[in-house]
Amino acid sequence: MSSSVRKTITASTPAASLLTLLLALLALAHSARAHFTLDYPQTRGFDEDIESDNFCGGFHDISAARAPWYYRNGPVAITSHHDSATVNIYLSLDEKPTGPESFLKTSAGGASIPPLRKDLAISGQGEFCFHANASALDVPGSTIADGTNATIMVEFISVHGHLYQCSDVRFTSDASVGANLTCTDSLKANAAAAAGSTSSTPASTSSGGPAAPSATAPTRSGGSENAASSISPSLFASLVAAAAAAAVASALGPGISCLL
Ligand SMILES: *[C@@H]1O[C@H](CO)[C@@H](O)[C@H](O)[C@H]1NC(C)=O
Ligand SMILES: *[C@@H]1O[C@H](CO)[C@@H](O)[C@H](O)[C@H]1NC(C)=O
Ligand SMILES: *[C@@H]1O[C@H](CO)[C@@H](O)[C@H](O)[C@H]1NC(C)=O
Ligand SMILES: [Cu+2]
């Protein structure tokens with residue numbers, strides 16, 4: 001009986017429109033998930049469909065206005081919509097970065113730029129915030145000081161491959177800039193944010209104050225930044241691999257890549 005029903009449906013509905021419907025549903029599911037967002041400092045731009053572009057998630061032009069960012073230990077905040085991911089935070093000191101290579105070497109002297117943060121193995125969906133200290137980087141030939149222009153690029157590696165977001169900033173030595181963010185450097189998602197993004201119950205009426213510890217989160221202590229041993233030690237290799245993954249993803253289309 002069920003096979004005759006199926007036969008009736010397929011006979012009366014062109015396969016093409018079924019496929020269209022399927023892809024539309026996949027695209028919808030994809031939109032709802034959004035991969036990850038860069039929440040602070042402000043992103044250049046976000047478009048989930050091109051977030052795999054290894055040059056700033058597809059936003060190649062510098063922002064009209066640079067955000068002030070405390071370069072001696074400022075916060076970088078993201079929201080993850082995946083259960084686990086590895087996060088790297090890169091820096092470009094070029095006035096106008098021209099591609100992913102601008103986050104590996106300076107265009108002026110070719111000096112290599114170490115990542116601000118590397119191999120942050122995060123788990124849980126929700127908000128994460130990490131401090132980054134640009135003044136601790138040794139980049140010969142570059143000035144890292146109050147007033148320096150720079151671009152931060154966050155790389156987010158998950159089941160959907162390598163994804164990118166950038167923020168154009170102006171370094172400030174004013175420690176109060178961004179200090180009102182709750183920035184815990186935790187590798188576990190903020191419990192309140194995770195509940196807000198996944199629960200169907202109304203959002204809690206309480207606001208502010210520290211998040212209560214999650215009852216469901218595994219209480220594994222001593223999360224290590226070295227946990228992501230599968231990540232290539234070479235930044236360049238990572239970015240090249242990301243470009244290849246992006247090519248595959250775009251060949252498959254956004255709806256299909258969402259299933260991966
Ligand atoms: C940032 O790095 C500089 C240079 O290594 C160091 O003097 C400073 O204490 C660091 N800041 C924090 C908050 O760790
Ligand atoms: C830094 O960026 C601002 C805004 O984009 C620009 O007006 C300024 O000239 C830049 N500073 C330098 C030293 O290039
Ligand atoms: C932090 O302060 C800035 C500047 O005053 C403000 O725009 C921003 O909304 C504040 N953020 C939070 C989370 O309170
Ligand atoms: Cu995703």
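A residue counts as near a molecule or strand when its C-beta atom, placed from the backbone, lies within 6 Å of it. This is a predicted model, where local features need pLDDT of at least 70, side-chain atom pairs count only at pLDDT 80 or more, and totals for chains, interfaces and linings use all residues. Residues are numbered from 1 along each chain as its sequence is written, and chains are lettered from A and ligands numbered from 1 in the order in which they are written.

**View 1. Around ligand 1.** Start with the residues that surround ligand 1: Arg 72, Asn 73, Asn 133, Ser 135 and Ala 136. Sorted by class, that shell has one nonpolar, three polar and one charged residues. (Ala, Val, Leu, Ile, Met, Phe, Trp, Tyr, Cys and Pro count as nonpolar, Asp, Glu, Lys and Arg as charged, and the others, Gly among them, as polar.)

**View 2. The whole protein.** Step back and you'll find five helices and eight strands. Here helices (H or I, at least four residues) and strands (E, at least two) are DSSP runs, numbered from the N terminus. Read from the N terminus on, the elements go α-α-β-β-β-β-β-β-β-β-α-α-α. Out of 260 residues, 32% count as buried; that label takes 20 or more other C-beta atoms within 10 Å of the residue's own, with 12 or fewer making it exposed, anything in between partly exposed, and C-beta atoms placed from the backbone.

**View 3. The three-stranded sheet.** This open sheet has the strand order β1-β3-β6, with antiparallel pairing; two strands pair if DSSP finds at least two bridges between them. At the edges sit β1 (36-40) and β6 (126-132), each pairing on one side only. Strand β3 (residues 74-80) is joined to β6 by seven bridges. Look for Ile 78, which stands opposite Phe 128 in β6, and for Ser 80, whose bridge partner in β6 is Gly 126. Five of the seven residues of β6 are buried, so β6 is largely enclosed by the rest of the structure.

**View 4. The five-stranded sheet.** A second open sheet goes β2-β8-β7-β4-β5, and its pairing is mixed. The edge places belong to β2 and β5, each of which pairs on one side only. Inside this sheet, β7 and β8 run antiparallel and share ten bridges. One pair to pick out is Asn 149 and its bridge partner in β8, Arg 170.

**View 5. The largest nonpolar core.** A nonpolar core is a set of buried Ala, Val, Leu, Ile, Met, Phe, Trp, Tyr and Cys residues joined through C-beta atoms within 7 Å. The largest one has 36 residues, and Val 87, Leu 91, Ile 152, Met 153, Val 154 and Phe 156 have the most contacts inside it. Its largest share, six residues, comes from β7. Zoom in on Val 154: leaving out residues up to four places away in sequence, Val 154 touches Leu 38, Val 76, Ile 78, Val 87, Ile 89, Tyr 164 and Gln 165. Touching, or contact, means that the C-beta atoms of two residues, placed from the backbone, lie within 7 Å.

**View 6. Leu 93 in its loop.** Leu 93 lies in the loop between β4 and β5. With 25 other C-beta atoms within 10 Å, Leu 93 is buried. Ile 144 is 51 residues from Leu 93 in sequence, yet the two are 8.4 Å apart in space, C-alpha to C-alpha.
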